[in-house]
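Here's a quick tour of a two-chain model, starting where the chains meet and then moving inside one of them. Have the sequence and the coordinates open as you read.

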There are 2 protein chains.
Amino acid sequence: MAHDTTKRREALRESLIGLAEAQVRADGLASLRARTLAKEAGCAVGAIYNVFDDMTGLTLAVNGRTFGRLGKHVSDAVAKVADAPPTERLVAMAIAYLEFASANPNLWRALFDVEMSTDRDVPEWYMQELGRLFAIIAQPLSELHPDPEPGEIDLMTRALFSSVHGIVLLGLENRISAVPRERMEGMIEFLLKRATAT
Amino acid sequence: MAHDTTKRREALRESLIGLAEAQVRADGLASLRARTLAKEAGCAVGAIYNVFDDMTGLTLAVNGRTFGRLGKHVSDAVAKVADAPPTERLVAMAIAYLEFASANPNLWRALFDVEMSTDRDVPEWYMQELGRLFAIIAQPLSELHPDPEPGEIDLMTRALFSSVHGIVLLGLENRISAVPRERMEGMIEFLLKRATAT
DNA sequence: TAGTTCATTGAACACTGTTCAGGTAGGGAT
DNA sequence: ATCCCTACCTGAACAGTGTTCAATGAACTA
């Protein structure tokens, strides 16, 4: 029956995503193997391709989950200080971003390491999720600048997100120069307070 | 003769680096193939391994050249405005960094995409070159803060470099959201002026 | 029960980076 | 001139990878 097949496939799909996620979390995106995954899931290698276009498709599915959790983590953090001044809310968000990346380094890196260079389009949920994240950041900025020039808020949003991302990225890259956690928080606070000072 | 062999190897080494660099520049690090490279160099695949430990070693050699050119580009840029105020010099450096990354996206990305996770140590020249870059950045910052607390200059240096790096990284990542060049310069100027305002 | 449809399988394919037994070339001794 | 010996270079072979598709088998229909 068609419906039964659909359900079984959906179950396999979820199973594969979960197993792949565990693998990426433990040993990084580069350690993901089609054969190993199939063995763990108790299916044939070919079955993966009945459910995903290719391994990149599977990786995108894992990233979808990660992105969701990241968004929730940041949202929750800012919700806890909803009544604080805008700058403090920005700092809370950035620290939450650092926390998530630090707690899930391999999953977080996979968000950016997946290769989408070839024909494949960026998934729609990717842009949506990113838009949601940017909207959260833009809110405090709008409060700080009630009468912005056109595009100013968007520019600041991107600039601040990119900056915090850069600090987290190079900070966690221990091969270049391991930076202690509290110093990273210090950098982020310093930067955001300066950048948003009136 | 031993000397002759050494010279031939050195020539092959240089040739391989040059060819690999051209390949990375044109199509990115991921497009580098041992067999293709050997064919282009007119040698056997095994010959590559007489000269480099492995393909990562070759990539590191390419990155060494790139890093050198990047450093020179940034140094030259700041030298041209040596008499300008510290903040302007910082902006000039950051814009130069953006220029280089924008003009050599694939070579620039290769600097960070090479996988060094496994045993291999970070080459000594890597840390040296990075230290040199940081020193150039630290100079204007020291002028802005004549009496810094211990480690303050270092913290700011890392924070500002990481921030600019993040802006350039995500800005050039057109798959996420292509940002026009002049807006990226705007972001960098905005950020550095705010961060270094007295 | 026989026939038809269609999802699943896993061996085979094309492609990696890397190795190492063997052929080759060149200098020195007899 | 001949032989040897050393050291270098070669490229077929190896151990992997992601991906495909003819063949299997199960399930549903008449």
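Let's begin at the interface: 36 residues of chain B are in contact with 36 residues of chain A, where contact means heavy atoms within 4.5 Å. This is a predicted model, so local features need pLDDT of at least 70 and side-chain atom pairs count only at pLDDT 80 or more, while totals for chains, interfaces and linings use all residues. Residues are numbered from 1 along each chain as its sequence is written, chains are lettered from A and ligands numbered from 1 in the order in which they are written, and side-chain values use heavy atoms, with hydrogens and water left out.

Here are the interface numbers for chain B and chain A.

| Item | Value |
|---|---|
| Buried area, chain B with chain A | about 3,100 Å² |
| Part of that area on carbon and sulfur atoms | 64% |
| Salt bridges, chain B to chain A | 0 |
| Polar contacts, chain B to chain A (both residues at pLDDT 80 or more) | 6 residue pairs |

Elements giving two or more residues to chain B's side are α6 (105-113), α7 (124-144), α8 (152-172), α9 (174-177) and α10 (181-196) of chain B. The most comes from α8(B), with 14 residues. By class, that side has 23 nonpolar, 8 polar and 5 charged residues.

A word on the terms: buried area is the accessible area (1.4 Å probe) that two parts lose on being put together, summed over both. A salt bridge puts a side-chain nitrogen of Lys or Arg within 4 Å of a carboxyl oxygen of Asp or Glu. A polar contact is a pair of N or O atoms within 3.5 Å; within protein, one must be able to donate a hydrogen and the other to accept it, and residues adjacent in sequence count only if both atoms are side-chain atoms.

Now for chain A itself. Its secondary structure comes to 10 helices and 0 strands, taken as DSSP runs (helices H or I, at least four residues; strands E, at least two) numbered from the N terminus. The C-alpha trace of chain A spans about 65 × 40 × 35 Å along its principal axes.

Within chain A, helix α7 (residues 124-144) packs on helix α8 (residues 152-172) at about 115°, axes 9 Å apart. Those axes are lines fitted to C-alpha atoms over the stretch in contact, with angles running from 0 to 180 degrees between N-to-C directions. Residues meeting there include A:Leu133 and A:Phe134 from α7(A), and A:Ile153 and A:Met156 from α8(A).

Over all chains, the structure holds 24 salt bridges. One of the pairs joins A:Asp113 and A:Arg109 (3.4 Å, N to O); both lie in α6 of chain A, 4 residues apart, about one turn of the helix.

Key
Ala, Val, Leu, Ile, Met, Phe, Trp, Tyr, Cys and Pro count as nonpolar, Asp, Glu, Lys and Arg as charged, and the others, Gly among them, as polar.
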